[in-house]
Amino acid sequence: MESKEWSSGVWTHLTAVRRRSPLVQCITNLVSMDLVANTLLSAGASPAMVHSIAEVPDFTPHIHALCVNVGTLTPDWLPSMKAAAELASQLKKPWVLDPAAVSCSGFRLKACLELVELKPSVIKGNGSEIIALSSASRSHTKGADSSHESTEAIEAAKSLALSSGAVVAVSGAVDIVTDGKRVIGVHNGTKMMQKITATGCSLAGLVAAFLAVDPLQPLEATVSAMSVFGIAGELGEAMANGPASLRMHLIDSLYGLDETTVLNRVRITSLG
Ligand SMILES: Nc1ncnc2c1ncn2[C@@H]1O[C@H](COP(=O)(O)OP(=O)(O)O)[C@@H](O)[C@H]1O
Ligand SMILES: Cc1ncsc1CCOP(=O)(O)O
Ligand SMILES: [Mg+2]
């Protein structure tokens, strides 16, 4: 695809999210709930942090997309995640798995592998998370932060995409998105985003919102979400004094993104 087509696709996806305001159920970690919800709201989507298993049968049939993030997983949360994921898959609603800190325990790795079996549309992790999940081993244990560049995880991402049937997205300096055949690089974003907790989680939530408006093109929707979030970070950084004010300006920038800015700033390339 030409770079112009990617840019107009990004803008089309963002305007669709703003117009349709998809309902995104998030079963996310305790650290990230606030930033994920605010990111979704500023993009035009409607977040709902509904995580009790008692509510899944009533609520999940009405959502447009689901985001499951295991960042603060406990044994009592896992059944809710599985129930919501299973129902979303059955009802053909797109859902995103963020295997946050997958390497930190055998319990978490096993849980993530079981969630992958429930057919996520997209798996979004950082380099270390995707390498660990793809090899089903916990060789790297830095917790929620990555000790790998996203580009080091390309082969792992392709292999995970082919074995799971999901689009796999690796966040980092260059965001990588692959369906196992195509590999796309999104070159938007800023290093300081790593210094705000839950930016990766918020990106996973945003991917779910973009999938909701284009469920049949998960690779394109994921690329668009990553580019939009990166552009908001770039604009935010220009106004920020450090991570705390970047957090605020990132949300404001996402809310205020206009067509000219998006078309001028999208940086997407094919990596193979
Ligand atoms: N070095 C970097 N340069 C530009 N953007 C980055 C960099 N590192 C992370 N980002 C951006 O920060 C956001 C969060 O990604 P990341 O820090 O990889 O997630 P996680 O918090 O899950 O580890 C993404 O939008 C990503 O593009
Ligand atoms: C610090 C931390 N600990 C468990 S989950 C979490 C948040 C991770 O957020 P992100 O993956 O977006 O950096
Ligand atoms: Mg993360």
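Mentor: By class, the shell around ligand 2 holds six nonpolar, seven polar and no charged residues. Here Ala, Val, Leu, Ile, Met, Phe, Trp, Tyr, Cys and Pro count as nonpolar, Asp, Glu, Lys and Arg as charged, and the others, Gly among them, as polar. This is a predicted model, in which local features need pLDDT of at least 70 and side-chain atom pairs count only at pLDDT 80 or more, while totals for chains, interfaces and linings use all residues. Residues are numbered from 1 along each chain as its sequence is written, and chains are lettered from A and ligands numbered from 1 in the order in which they are written.

A residue counts as near a molecule if its C-beta atom, placed from the backbone, lies within 6 Å of it. Of the 13 residues around ligand 2, those that come nearest are Val 31, Gly 71, Ala 144, Gly 200 and Cys 201. Gly 200 is also listed for ligand 1: of the 17 residues there, Asn 126, Ser 171, Gly 189, Met 193 and Gly 200 come nearest. The shell around ligand 1 has four nonpolar, ten polar and three charged residues. Helix α8 gives the largest share of that shell, three residues, and α8 and α9 (218-239) each supply at least two. Helices (H or I, at least four residues) and strands (E, at least two) are DSSP runs, numbered from the N terminus.

A nonpolar core is a set of buried Ala, Val, Leu, Ile, Met, Phe, Trp, Tyr and Cys residues joined through C-beta atoms within 7 Å. A residue is buried if 20 or more other C-beta atoms lie within 10 Å of its own, exposed if 12 or fewer, and partly exposed in between, with C-beta atoms placed from the backbone. The largest such core has 91 residues, and Val 207, Ala 208 and Ala 209 have the most contacts inside it. With eleven residues, α8 gives the most to this core. Leaving aside its neighbours within four places in sequence, Ala 209 is in contact with Val 17, Pro 22, Val 24, Leu 40, Ala 43, Ala 45 and Ala 65; contact means that two C-beta atoms, placed from the backbone, lie within 7 Å.

After α2 comes Gly 44, with a positive phi near 105°.

Met 49 lies in the loop between β2 and α3 (56-59), and it is in contact with Cys 26, Thr 28, Met 33 and Ala 37 when neighbours within four places in sequence are left aside. Met 49 counts as partly exposed because it has 16 C-beta neighbours inside 10 Å.

Strands β1 and β2 run parallel and are joined by three bridges, with Val 24 opposite Pro 47 in β2. Two strands pair if DSSP finds at least two bridges between them. The open sheet has nine strands in the order β2-β1-β3-β4-β5-β6-β7-β8-β9, with mixed pairing. β2 and β9 (268-270) stand at the edges with a single partner strand each, so one side of each is left without a neighbour in the sheet. Neighbouring strands are turned by 20° against each other on average, direction ignored; axes are lines fitted to C-alpha atoms, for helices over the stretch in contact, and angles run from 0 to 180 degrees between N-to-C directions.

Further along the order, β3 (residues 65-69) and β4 (residues 95-98) run parallel and share four bridges. Val 68 has Leu 97 as its bridge partner in β4. Helix α6 (residues 127-135) packs on the sheet, touching β5 (122-126) and β6 (167-171), and its direction makes about 125° with that of β5.

Ser 21 is not a glycine, yet its phi is positive, about 40°. With 18 C-beta neighbours inside 10 Å, Ser 21 counts as partly exposed.
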